[in-house]
Amino acid sequence: MSSYTNSIVVAALITILLSFVLFVPWLIYTYRKYNFLSVSKTIIMFSFIFYFLTALCLVLLPFPETRDTCSLQSADTVHYNLQPFQFMADIMKDSGIVLTSPKTWLLLTKQPAFFQAFFNFLLLMPFGVYLRYFLKNRKYWKRAFMLSFLLTLFYETTQVTGIYGIFNCAYRIFDVDDLMLNSIGALIGFFLAPIVWAMFPSQEAVEAKAAEVAKKDIVKPLSILLALVIDVMIVHVVWFIVGAVTGYSDILEFIVQIALYILIFGVVPSITNGATIGMRVMRFTMTSDKTKGIVVQSWRRCVAIIATITIFEIIRILGQIELDMDSPFYVLQIVLTILAFTLAFFLRLVIAIHVVRVIVSGGKRRLYIDEYANLVATRKK
């Protein structure tokens, strides 16, 4: 049993790591498609990743301690079972179970062969549930069965080939019973799936909400934040590349950074009539009811962003001042360092609280940079 739990723990850790990598791309995809974050689809997507990794880890782990697995096996080791229903003979062998005597059936719980067959039956049952969600209609049960069979065939082939040559001998056998049990389990999961998916909104309900959001021209705060994250990431990627090529000093580094922010948040919106690159990715733009026009208001937003960056840079510089202990200003330096740390923490906390309030408001509040510039997000062109 510990081998099963260890495999599940490994799959959970991999899923957590992948979640950090995939979450932002998933948000971008969701907002581009539906104009809002579908919680149900997010749960389904990440739960599927976790399930698939868990199944793979259960099939492959634990790995042998050496790649030379042939040395751990006798020359006559058989790496496959092509006898259907062999698992039933293994369960009944020396078990004391009499099919005509129900009171002996409890002896099944003491048979390792029974649990192995039972877990193989359960292994792809969730896969059948997910297939019902993706294929939608019950009439595609044959397609679901074939996909399940191909997946378990992939698992069995991976095992019998020693993960395609990584190990010089198979460390688990190719078992026709596994093919059968996995495929049947997935098929039963396919038919039982409506019980599970009844707890989640249907695809039609999600699409209806997406149509409503588009009709009301609602741009969710998370979409605006994602656009801002994309723009900032572009700035920092270019900034890093330029720095790696030129090796400029701290002052020039800051100047280049500000120039990039001006380009992304000032010049680009002026050319595109209010949209940054990130906004284009998220399929919305900014509009303003001010008579000065969108260009002026976009530059006001740019100024607010640059002012924020500059304040944090000044605080960072003050916190890095280092003087000799004999200097008459040494005490002042300690005070400045403490103040810089406190101020940086306080500002980050204020901004974090502000962002959370914007998100939970559902669009009733705006980011302070948009509030200052009097800009409102819109999907209308």
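**Exercise 1. Explain why α4 and α8 are described as oblique to each other.**

Solution. Helices here are DSSP runs (H or I, at least four residues), numbered from the N terminus. Take α4 as residues 112-123 and α8 as residues 176-197. They pack at an angle of about 45°, with axes 6 Å apart. Axes are lines fitted to C-alpha atoms over the stretch in contact, and angles run from 0 to 180 degrees between N-to-C directions. Under 35 degrees is roughly parallel, over 145 roughly antiparallel, 65 to 115 roughly perpendicular, and the rest oblique. The pair is therefore oblique.

The model is predicted: local features need pLDDT of at least 70, side-chain atom pairs count only at pLDDT 80 or more, and totals for chains, interfaces and linings use all residues. Residues are numbered from 1 along each chain as its sequence is written, and side-chain values use heavy atoms, without hydrogens and water.

**Exercise 2. List the residues that make the contact of α4 with α8.**

Solution. Contact means heavy atoms within 4.5 Å. From α4 come Ala117, Asn120, Phe121 and Leu123. From α8 come Asp178, Leu181, Asn182, Ile184, Gly185 and Ile188.

**Exercise 3. Describe the largest nonpolar core.**

Solution. A nonpolar core joins buried (under 20% relative accessible area, 1.4 Å probe, protein chains only) Ala, Val, Leu, Ile, Met, Phe, Trp, Tyr and Cys residues through side-chain atoms within 4.5 Å. The largest has 34 residues. Ile224, Phe265, Met282, Phe284, Met286 and Leu367 have the most contacts inside it. Elements giving two or more residues include α1 (2-34) and α11 (250-272). The largest share, 8 residues, comes from α10.

Terms used
Buried < 20%, exposed > 50% of the residue type's maximum accessible area, 1.4 Å probe, protein only.
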